[in-house]
Amino acid sequence: MTEAATLEQARRLLFDEAACLDQRRWDDWLALYTPDCEFWVPAWKDEFVPTADPQGEVSLVYYDSRAGLEERVWRIKSTAAPAHRVLPRTCHAISNVRLLEVTADGLAVHATWRVDSYKEKIASSLFGFYDYLLTSQPGAWRIAKKKITLLSDCVPSYFDLYQV
Amino acid sequence: MDMRVTETGHTALTDPGRYFIDEPQAFNVHRDLFRDQALFELEMAHVFEAGWVFLCHESQLPNPHDFYTTQLGRTPVVVLRGEDGALRGFVNACPHRGTRLYTARHGTAQVQMCPYHAWCFDSAGHCVKIKDQSQAGYAPGFDGERHDLTPLAHLTSYQGFVFGALRADVPALADYLGDTRFFIDTFAEQSAQGMEILPGEVTYVYRGNWKLQVENTMDIYHLTTVHSTFAKIVQQRGEREASAAGADKVKAVNLGALSGLQAGTYTFPHGHTVFWGSDPLRENRALWAMRDDLLTRGVDAHKVEWMFRPRVLNFFPNIQFVDSACMQLRVIRPLAVDRTEMTMFCLAPRGEPREGRRRRLRQYEDFFNASGIATPDDVACYEDIHAGGLAHANSEWIQGFSRGMQYVVDGPDSHAREIGIRPLESCSGVEVQDETVFRGFYREWRRRLEAATHD
């Protein structure tokens, strides 16, 4: 496969994931992740340096399997959480998608993102970088790792995984 | 409608007592406390800028020349560790024209130069250079003037927690903290090497008054409603583990297991309040692995016992220590009457085993983060309170301060006497979810404002 074709497959997966979140297709979103995936949103140590060791430093979110993502989806669907009584409209914009490395483990992909959220007539946005490790599964690429570097880390009120 | 408040209008606070009904059968707080812009300015001046305020923890600036910036009310403040290792606190502004000097959150600087006219200051706050001073035409008196940074009136640590005050006429910090020091010790003495704030701070800003956060942390009544999904998720993890489908690696506090257990609240002088509960699953705490070490090291057995009880400490006015599953420090910074910035830190005993540290972090992120599965629900409720009840009143007085009134006793209860502390009021029993504990905070708030208006 040419590098351009591989990059196009990666881009398609990233855009599919964004569409699942923006369209609230939560089960389709979960299906994009491998059961043993890592999902990580580091916190920041200071203005310039995000935390690097999720076992010794604080993260905003850290899961070492899909179970954590499944809990989030269960929580959203339950409609019992005050934070989810009114889900915001969200709009993921992903750009600057780059294929960093093709290895036996899969594709290392970097991208920039911005998510605008709109709820109760108030718009807010978060933005940052994505670092993915995509792995080839029979029939499709899946997400084995996703690291979300949240650059705008003074959070307006609160956020959940569909807003980053 | 009670007219005690509306008579005064919103322009001047001539009698802060008008905002409270504090009688034997009733304690009520007026909604203006949460929505009046003029009151907010008075709070900044007389609550935050007139008394002790938490600034930072010593572990955040461990080495000579380290600095840490924060706020004391409306005043930007910098804490400096000098070459001699001592901590000093200053107004974070150049004396020349008032430019903010230290703009990074924290860092190291042997000498800090003002970006505007290059006056330089060392890590003890001394002005060490005035650019182009010779031939400047200063009057002779200029050399005799003081050009150093303006020091805070007080900067004192207790167990590594650094407090500062802008005004000189505050009580000694030990007196201010009083018997709550027992509870700070139950945080700080978990390791012989003291405690540390773990790297990674999380900040969020909510649309609501800062006192909503003060109340919420002492409010046990909300847990089973607001955090019902959190409780259910913890239960599901336990069920998954029991069916061998997957280990529960977080071991979060199980709200469902708390029913029928002893709990209580204490009110202390100066507005500090404490909640404590029982934990039937104490072996799930990260600290459990260090328990033998605690006992062999000779830590008071009562303190060790209390280290394994869920505890929430609310220090007037702006800090909250929480130890439910893991330890958290919350710092409240009011930005406006309807906007509040929260900064959160994960506290840990130094030298904790790696597995305990890992579990502590997962517990912390699970519950406390603005991106977790519990705190967002609290914040959503603050914003709903703000939108529903406070901006446009349906009645002048809030009804939320009566629960548990029949159970309150003056002075210490048996649990307090056992450890030798003397709270002003105690409330304890099975499944205590009282609201009376908020009163200590409001009585101190009122006392501060009354002292100011009588100046």
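**Confidence**

- Chain B has a mean pLDDT of 91, with 95% of its residues at 70 or more.
- Residues 6-11 of chain B have pLDDT below 50, and this stretch makes eight contacts in the model beyond near neighbours in sequence.
- Where pLDDT is low, the predicted coordinates should not be read in detail.

**Where chain A meets chain B**

- On the chain B side 43 residues are in contact with chain A, and on the chain A side 36 residues take part.
- About 3300 Å² is buried between the two chains, and carbon and sulfur atoms give 51% of this area.
- Within chain B, the residues that lose the most area to chain A are P199(B), T229(B) and S371(B), which together account for 16% of what that side buries.
- V205(B), in strand β14 (residues 202-206) of chain B, touches residues of both chains: C154(A), V155(A), P156(A) and S157(A) on one side, and L335(B), R339(B), T340(B) and E341(B) on the other, leaving out residues up to four places away in sequence.
- With a relative accessibility of 16%, V205(B) counts as buried, because the value is under 20%.
- Between V205(B) and D169(B) there are 36 places in sequence, and their C-alpha atoms are 32 Å apart in space.

**Helix α2 of chain B**

- D36(B) caps the N-terminal end of α2(B), with a side-chain oxygen 2.8 Å from the backbone nitrogen of A38(B).
- The buried residues of this helix are L39(B), F40(B), E43(B), M44(B), H46(B), V47(B) and F48(B).
- An α-helix has 3.6 residues a turn, so residues three or four places apart point the same way.
- What do the buried residues of α2(B) pack against? In chain B they pack against the helices α1 (32-35), α6 (210-218) and α14 (438-453), and against the strands β3 (53-57), β4 (66-72) and β19 (327-336).

**Strand β15 of chain B and its partners**

- Strand β15 (residues 262-267) is largely enclosed by the rest of the structure, because five of its six residues are buried.
- β15(B) pairs with strand β23 (residues 425-430) in the antiparallel sense, over six bridges.
- In that pairing, Q262(B) stands opposite V430(B) of β23(B).
- β15(B) also runs antiparallel to strand β16 (residues 273-276), to which four bridges join it.
- T265(B) has F275(B) in β16(B) as its bridge partner.
- The hairpin of β15(B) and β16(B) has five residues between the strands, and H270(B) takes a positive phi near 70° there.

**Single residues**

- R25(A) sits in the loop between α1 (3-22) and α2 (26-31) of chain A, and its side chain makes a polar contact of 2.8 Å with the side chain of D28(A).
- Apart from neighbours within four places in sequence, R25(A) is in contact with A19(A) and C20(A).
- R25(A) is 63 residues from P88(A) in sequence, while their C-alpha atoms are 14 Å apart in space.
- H92(A), found in strand β3 (residues 89-102) of chain A, counts as buried because its relative accessibility is 11%, under the 20% limit.
- Which side chain makes a polar contact with the side chain of H92(A)? It is that of D22(A), at 2.7 Å.
- A polar atom of the H92(A) side chain also lies 3.2 Å from the backbone oxygen of V164(A).
- Beyond neighbours within four places in sequence, the contacts of H92(A) include A18(A), L21(A), R114(A), V115(A), Y130(A) and Y162(A).
- N28(B) lies in strand β2 (residues 26-30) of chain B and counts as buried at 17% relative accessibility.
- Y19(B), F20(B), I21(B), W397(B) and I398(B) are touched by N28(B), not counting residues up to four places away in sequence.

Notes
Residues numbered from 1 in each chain as written. Chains lettered and ligands numbered in written order. Predicted model: local features only at pLDDT ≥ 70, side-chain atom pairs only at ≥ 80, totals over all residues. Heavy atoms only, no water. Buried < 20%, exposed > 50% of the residue type's maximum accessible area, 1.4 Å probe, protein only. Helix = DSSP H or I, 4+ residues; strand = E, 2+ residues; numbered from the N terminus. Contact = heavy atoms within 4.5 Å. Polar contact = N/O pair within 3.5 Å; in protein donor to acceptor, adjacent residues only side chain to side chain. pLDDT = per-residue confidence, 0-100. Pairing = 2+ DSSP bridges. Buried area = accessible area lost by both parts, 1.4 Å probe.
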